[in-house]
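Morning, everyone. I'll take you through a few places in turn.

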Amino acid sequence: MSSSDSQTTRRRPDTGQLVASERLHTMGQLVAGVIHELNNPLTIVGTNLQVLVEYVQQQQELIDRYENQGPEAAKAYAEEIDLPYLRTDLPRILSSCQEGALRARQLVDELRRYSIANSPEVTPVDVKGNLSSTVRLVESSYRNKVTFELHTEQCPPVMGVNGQIQQVLMNLLINACQAMNDRPTMGHISIRTRGDGTNVYIEIADNGPGIPADVLPRIFEPYFSTKSPADGTGLGLPISKRICEKHGGSLVVASTVGQGTTFTITLPVEGSPELLADPSLPYEV
Ligand SMILES: Nc1ncnc2c1ncn2[C@@H]1O[C@H](COP(=O)(O)OP(=O)(O)OP(=O)(O)O)[C@@H](O)[C@H]1O
Ligand SMILES: [Mg+2]
């Protein structure tokens with residue numbers, strides 16, 4: 001039996017399942033980075049809380065001395081603990097705790113929003129908001145390797161399935177970051193959106209190695225990947241292309257070896273009749 005025969009006889013998973021498992025695979029790629037990013041604010045909160053406990057004990061002691069030994073004893077103790085410094089440091093410590101807790105909360109919220117299986121409902125999708133939160137999530141995994149530049153001036157909402165559009169953005173951003181993993185210097189990803197009244201265009205351009213001519217025609221093929229099996233299933237781009245086409249738009253690529261790769265997503269503002277009729281139709285991947 002040839003390898004292509006064995007492929008056609010193998011039971012292929014339901015296409016809806018494929019989209020869901022690709023989503024989980026993408027999340028798995030992000031988890032290590034998010035855990036690392038969570039560690040920073042939690043360490044800040046923990047360290048600040050230790051100081052806070054000490055300050056609260058000192059203030060308690062100050063009140064006790066005032067009540068039990070009188071104002072002179074309290075004054076001497078205030079000098080001992082450097083009360084003026086404590087007064088200025090206390091609000092700083094509290095706001096640093098608040099900032100740390102807020103940052104941790106935002107990261108968890110973004111991950112949760114991405115992980116929730118989306119109800120296939122066509123609604124006006126805020127492309128700009130989705131881009132910002134997806135960049136924040138991806139940034140946490142690639143902070144030391146890639147810088148991001150986001151220009152989202154003209155970007156009206158488009159009629160579509162929010163989770164599916166988010167999945168396309170995530171796939172393209174992760175691909176771009178992975179392409180720059182081996183660079184000796186920082187990589188750069190520039191994201192631009194524009195609209196012409198009919199369509200919204202989202203351009204994701206990286207300055208990675210580019211895609212060789214023999215690979216380029218194959219990148220939208222299901223299961224085609226140049227990555228190790230642990231790193232890539234080869235479903236990110238075909239699923240993303242199907243999602244864009246189902247929305248009545250397209251996903252195209254332009255790449256120059258040694259210079260970088262640009263993916264352009266086109267989405268019609270009004271959505272597509274096919275999507276509006278049945279947003280949950282399985283994708284043929
Ligand atoms: N920005 C890019 N720069 C260079 N090569 C890219 C880029 N994006 C995609 N590719 C190439 O296209 C191939 C297919 O991409 P696709 O997203 O479909 O699968 P994958 O990333 O290999 O695996 P998965 O997305 O399932 O984790 C990649 O293996 C890679 O060779
Ligand atoms: Mg991919």
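Predicted model: local features only at pLDDT ≥ 70, side-chain atom pairs only at ≥ 80, totals over all residues.

One definition before we start.

Tyr223 is not a glycine, yet its phi is positive, about 70°. As a rule, most residues other than glycine have a negative phi. Is Tyr223 buried or exposed? It counts as exposed, because it has 11 C-beta neighbours inside 10 Å, and the cut-off for exposed is 12 or fewer.

Now a second residue of this kind. Asp82 lies in the loop between α3, residues 71–80, and α4. Its phi is near 55°, again positive in a residue other than glycine. Asp82 has 11 C-beta neighbours inside 10 Å, so it counts as exposed.

Follow the chain on into α4. This helix covers residues 83–115, and it packs against α5, residues 127–142. The angle is about 110°, and the axes are 10 Å apart. That angle makes α4 roughly perpendicular to α5, because 65 to 115 degrees counts as such. The crossing is left-handed. Which residues of α4 and α5 meet? From α4, they are Leu107, Glu110, Leu111, Arg113 and Tyr114. From α5, they are Ser133, Arg136, Leu137 and Ser140. By class, this contact has four nonpolar, two polar and three charged residues.

Next pair: α6 and α7. Their axes come within 9 Å and cross at roughly 145°. This crossing is left-handed as well. On the α6 side, the contact uses Gln164, Gln167, Val168, Asn171, Leu172 and Asn175. On the α7 side, look for Gly236, Leu237, Ser240, Ile243 and Cys244. Five of the contact residues are nonpolar, six are polar and none is charged.

Last stop, ligand 1. There are 21 residues around it. Which come nearest? Ala179, Ser225, Gly232, Gly236 and Leu237. The most come from α6, with four. By class, the shell has eight nonpolar, 11 polar and two charged residues.

That's the tour. Questions, please.

How values were computed. Residues numbered from 1 in each chain as written. Chains lettered and ligands numbered in written order. Near = placed C-beta within 6 Å. Helix = DSSP H or I, 4+ residues; strand = E, 2+ residues; numbered from the N terminus. Nonpolar A, V, L, I, M, F, W, Y, C, P; charged D, E, K, R; others polar. Axes fitted to C-alpha atoms, helices over the stretch in contact; angles between N-to-C directions. Parallel < 35°, antiparallel > 145°, perpendicular 65-115°, else oblique. Left-handed = near helix turned anticlockwise from the far one by under 90°. Contact = placed C-beta atoms within 7 Å. Buried ≥ 20, exposed ≤ 12 C-beta atoms within 10 Å, placed from the backbone.
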